[in-house]
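Here is a friendly walk through one predicted model, from its confidence to its surface and its cores. Please keep the viewer open as you read.

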Amino acid sequence: MLDFLLGSDFLSAVIAFVLVLIPAILIHEIGHFAAAKAIGVAVLEFGIGIPPRMIRLFKRGETEYTLNWLPLGGFVLPLGEDFVRPVDAETVERDRSRVEVADEIARRKLKSLPEASPRQRIFFMAAGAIMNFLMAFVLFALVALIGIPQVVGSSVEIVHVNPDSPLAAAGLQSGDFVLRLNDGYFESNQDFFNKLYAQNEQPVTLLVHRESEEEPIEIIFTPQLESDAPVTNSYVRVAGVVEDSPAGRAGLLPGDLIMAINGEPFANTDELKARTTANAGQSMTLTIQRDDVMLEKTLVPRETFPEGQGAMGIAIWTAFGDMDLGLVYQEGVGQEVVVNQSLGESLQYGVERIGFIVNAIARIPSQIINQEISAEEARPIGIVAISQVGASALRQSVEQDTPILILNYIAMINVALGLTNLLPLPALDGGRIVFVLLEIVRGRPIAPEREGLVHLIGFALLLSLFFVITVNDLVNPITNLLP
């Protein structure tokens with residue numbers, strides 16, 4: 001059933017919204033609620049969702065528990081505040097004297113938020129973020145207990161197999177990934193071939209991943225090698241082709257091996273680029289190998305071209321060839337295994353991950369200035385983009401049959417939400433803390449109507465920013481930037 005629902009981008013984003021954002025916001029408000037109770041401040045309402053109100057669920061003590069129409073987390077309404085600002089003394093007394101709460105507030109000697117000490121108010125305002133950090137810590141620790149992926153070795157991507165080679169006879173095919181040699185991992189391609197040559201004239205077993213097979217397969221063969229160590233040649237492999245480019249119009253395809261230019265071999269990617277530049281604006285013939293067939297493609301490299309495309313319009317990788325084995329190959333992806341952590345290691349992992357995310361967020365401005373990342377990559381995102389990325393994480397968790405991807409993402413969003421709320425901006429918890437700090441410095445509070453006006457203006461600006469970010473998330477989905 002979950003697989004079916006996740007098949008729809010919209011439904012999967014809705015499910016991710018429910019799993020990621022709503023709990024994070026509710027946890028934040030529970031932090032404020034618990035802090036208010038701890039410092040003796042009356043809480044008039046704890047709302048699930050944002051007004052308008054749907055129904056009152058129940059009442060306990062002085063607090064009404066309500067369900068509201070907008071499913072965007074929740075809110076806490078302490079005595080002495082509305083949704084974003086402190087209220088004046090007259091409003092506090094009016095709320096205090098409400099018949100249904102007056103007796104309870106008087107009996108328990110509860111106070112309004114403005115009547116709490118500055119330290120108590122700072123604690124109340126920071127408690128939401130603290131709860132988000134605690135939730136992230138618990139989730140990261142849980143992820144570590146379940147198991148953290150750790151790289152245990154590399155793999156060899158087989159670009160081409162000589163059809164007359166012993167490896168081809170044993171069943172190795174182009175596109176295979178060699179994962180293990182004699183049930184052992186290897187650190188790199190060089191390490192793999194060194195170990196393979198050390199087994200010359202002895203039967204070896206290769207564990208191979210093949211796209212068409214659900215499970216890895218075993219290939220057994222006996223190398224008959226003339227050399228004591230690998231002797232390799234380098235090739236240039238086409239990794240991608242821009243559709244409307246010289247290479248695209250000439251018919252080059254990803255996976256092609258470029259063997260020669262105008263009939264002359266070349267040594268490496270740097271020489272390919274140099275000779276392409278030298279032939280810019282002139283007809284040039286490429287000799288390519290596609291599977292077991294040699295082809296010639298003629299094109300004219302561009303003298304000017306769009307940024308990032310190059311004169312021919314191709315992306316290239318370096319591949320290597322081993323003549324003794326009849327292979328062309330390149331470095332494959334790293335192999336990972338999930339390693340369960342002890343309780344102590346898991347707790348340490350939780351702390352380290354929170355520190356890592358906070359540091360990464362703090363470094364974004366300097367990275368933009370230094371052009372290490374683009375402004376588009378560092379753009380602020382809203383609930384739409386968060387839900388889109390959450391949907392991707394959820395789908396991957398289901399496909400890989402592991403909860404750690406979605407749990408990691410939920411934890412990361414909790415850290416980001418907590419950190420964002422502590423920013424010293426009006427209407428946010430951090431902005432309200434700034435006013436308390438100013439009160440401590442001045443020795444008296446700022447007039448509620450003045451503070452309230454600042455927060456209302458800040459709230460309006462935040463709503464405007466929220467609208468702009470949401471529109472941008474819809475027009476330019478953040479998923480377009482994902483690898």
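The report below takes confidence, then the surface, then the nonpolar cores.

This is a predicted model, in which local features need pLDDT of at least 70 and side-chain atom pairs count only at pLDDT 80 or more, while totals for chains, interfaces and linings use all residues. Residues are numbered from 1 along each chain as its sequence is written, and side-chain values use heavy atoms, with hydrogens and water left out.

**Confidence**

Let us begin with pLDDT, the predictor's confidence in each residue, from 0 to 100. The chain has a mean pLDDT of 86, with 93% of its residues at 70 or more.

| Element | Residues | Mean pLDDT |
|---|---|---|
| Helix H1, lowest | 2-6 | 47 |
| Helix H5, highest | 118-146 | 96 |

Over residues 1-5, pLDDT stays under 50. The model has six contacts (heavy atoms within 4.5 Å) beyond four places in sequence for this stretch.

**Surface**

A nonpolar surface patch of about 690 Å² includes Ile 48, Phe 58 and Trp 69. The areas come from the Shrake-Rupley method with a 1.4 Å probe. Strands S1 (43-60) and S2 (63-78) each supply at least two residues of the patch, and S1 gives the most, with five.

Trp 69 is found in S2 and counts as exposed because its relative accessible area is 52%; buried means under 20%, exposed over 50%, and partly exposed in between. Gly 184, placed in the loop between strand S5 (177-181) and helix H7 (189-198), is partly exposed, with 22%.

**Nonpolar cores**

A nonpolar core is a set of buried Ala, Val, Leu, Ile, Met, Phe, Trp, Tyr and Cys residues joined through side-chain atoms within 4.5 Å. Of the 48 residues in the largest one, Val 20, Phe 124, Phe 140, Tyr 409 and Val 415 touch the most other members. Elements that each supply at least two residues of this core include H2 (9-39), H10 (343-362) and H13 (404-421). H5 contributes the largest share, eleven residues.

Leaving aside residues up to four places away in sequence, Val 415 touches Phe 133, Ala 136, Phe 140, Ile 354, Ile 357 and Val 358. Another core, of 21 residues, lies apart from the largest one, and its members include Ile 158, Val 161, Leu 167 and Leu 325.

Methods:
Helices (H or I, at least four residues) and strands (E, at least two) are DSSP runs, numbered from the N terminus. Buried means under 20% relative accessible area, exposed over 50%, partly exposed in between (1.4 Å probe, protein chains only). Patches are made of residues with over 30% relative accessible area and no salt bridge: like charges are joined within 9 Å, nonpolar side chains (Val, Leu, Ile, Met, Phe, Trp, Tyr) within 5 Å. A salt bridge is a side-chain nitrogen of Lys or Arg within 4 Å of a carboxyl oxygen of Asp or Glu.
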